[in-house]
Amino acid sequence: MPYADPARPGLEACTGCNLCVLPCPVWHQTRDLSLTLRGRATALQGGARLADIEASLSACVLCGACEPVCPANIDAVGLTLDLRADLVRTLTLLGCPAIE
């Protein structure tokens, strides 16, 4: 069951404006852009696999602070939940241990 709102755009709509970074608690704590919505979007747009963004998916606290400032109206929380579920399914199919 998908969490993301199908009426809202996906990460491919990210323009890289960085507005989502400003309220992000993970960004404020780590200053690591790759752990933000912007970082996930850029990585996936560049051809990254889910395993490549595992740290970013795990770091997100699902607070939704990035959503109201996103000019593309990306459903960040829903998409992050969907990507986490997809990653677990992929790792399970490959026989890898569960993510902790």
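Good morning. By the criterion applied here, the protein has 4 salt bridges, a salt bridge being a side-chain nitrogen of Lys or Arg within 4 Å of a carboxyl oxygen of Asp or Glu. This is a predicted model, in which local features need pLDDT of at least 70 and side-chain atom pairs count only at pLDDT 80 or more, whereas totals for chains, interfaces and linings use all residues. Residues are numbered from 1 along each chain as its sequence is written, and side-chain values use heavy atoms, with hydrogens and water left out.

I begin with the overall fold. The protein contains 4 helices and 0 strands, where helices are DSSP runs of H or I with at least four residues, strands are runs of E with at least two, and both are numbered from the N terminus. In sequence order the pattern reads α-α-α-α. The radius of gyration, taken over C-alpha atoms, is compared with a globule rule of 2.2 Å times the number of residues to the power 0.38. For 100 residues a compact globule would have a value near 13 Å, and the protein, at 13 Å, agrees with this. Along the principal axes, the C-alpha atoms fill a box of roughly 40 × 30 × 25 Å.

Of the 100 residues, 34% are buried. Buried means under 20% relative accessible area, exposed means over 50%, and partly exposed lies in between, with a 1.4 Å probe and protein chains only. Contacts are heavy atoms within 4.5 Å. Among contacts with a separation of 6 or more, 62% join residues 24 or more positions apart. The accessible surface, from the Shrake-Rupley method with a 1.4 Å probe, comes to about 5900 Å², and carbon and sulfur atoms account for 60% of that surface.

Let me return to the charges. Lys and Arg count as positive, Asp and Glu as negative, and His and the chain ends are not counted. The place of a charge is NZ of Lys, CZ of Arg, CG of Asp or CD of Glu. There are 7 positive and 10 negative charges, and their mean positions are 5 Å apart. Side chains of opposite charge can pair when their charged atoms come close.

Which residues does R8 join in a network of salt bridges? R8 is linked with E67 and D75. In the pair of R8 and E67, the closest N and O atoms are 3.8 Å apart. E67 lies in the loop between α3 (54–59) and α4 (76–93) and R8 in the segment before α1 (25–30), so this pair ties together parts that are 59 residues apart in sequence. The salt bridge of R8 with D75 has an N to O distance of 3.9 Å. This second pair also links distant parts of the chain, since D75 is in the loop between α3 and α4, 67 residues from R8. As for accessibility, R8 is partly exposed at 22%, E67 is buried at 18%, and D75 is buried at 8%.

A further salt bridge joins D52 and R49, whose closest N and O atoms are 3.0 Å apart. D52 is partly exposed, with a relative accessibility of 44%, and R49 is exposed, with 57%.

R38 belongs to helix α2, residues 37–45.

C14 is placed in the segment before α1 and is buried, with a relative accessible area of 16%. C14 and R38 are 24 residues apart in sequence, and their C-alpha atoms are 7.3 Å apart. Beyond residues up to four places away, C14 touches R38, A41, Q45 and I74.

Finally, consider helix α2 itself. Its buried residues are L37, R38, G39, R40 and A41, and the buried residues of α2 pack against α3 and α4. Just after α2, G47 adopts a positive phi of about 100°.
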